[in-house]
Amino acid sequence: MAIQLFKLAIDAATTTDVEINPEIIRYFYLLEEVDRTDDTLVIPATKFINDAGDIMLGNLTTAVADNGYYMLFVNGVLQQSSLYTVSGDGSQVTVTDAETIPVQAPITLIVTNFAPISDSDTTVTT
């Protein structure tokens, strides 16, 4: 009898359900000249207000590395991420190239973080 390779005959089906669960937080600020030095704008966290209209008493929520991001709008226009930074502890936002932003211009920072949940079921039939 010749040598024969025996293989398992298995059928399997997997279904995966994923919930992305975004948490979106918005902060608002009106530009004050005292926060600008030359072409750099440094906004302390305590000068922002939240969606409820409350002044921030502590630091801003920060984006989670590899699972969140920021968007900054000046006068309603989305800015390139290379023009601003949010400090690692959320204590301030720094905007560069800010000399042409008019006083009282609205600045909106949006912080989006995700808390994904996934569940998989595999059914094996032979």
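Guide: Here is a close look at one residue and the strand around it. This is a predicted model, where local features need pLDDT of at least 70 and side-chain atom pairs count only at pLDDT 80 or more, while totals for chains, interfaces and linings use all residues. Numbering starts from 1 along each chain as its sequence is written, and side-chain values use heavy atoms, with hydrogens and water left out.

Let's start with Thr-125, which is found in strand 11, residues 117-125 (strands are DSSP runs of E, at least two residues, numbered from the N terminus). Thr-125 is partly exposed, at a relative accessible area of 42%; buried means under 20%, exposed over 50%, and partly exposed in between, with a 1.4 Å probe and protein chains only. Leaving aside neighbours within four places in sequence, Thr-125 touches Ile-10 and Asp-11, contact meaning heavy atoms within 4.5 Å. Ala-13 is 112 residues from Thr-125 in sequence, yet their C-alpha atoms are 8.5 Å apart.

Now for the partner strand. Strand 1 (residues 11-19) runs antiparallel to strand 11, and nine bridges join them; strands pair if DSSP finds at least two bridges between them. Further along, Val-18 stands opposite Ser-118 in strand 11. Strand 1 is hardly covered: of its nine residues, the buried count is zero.

Back in strand 11, we also find Val-124, which counts as exposed because its relative accessibility is 53%.

How values were computed: Helices (H or I, at least four residues) and strands (E, at least two) are DSSP runs, numbered from the N terminus.
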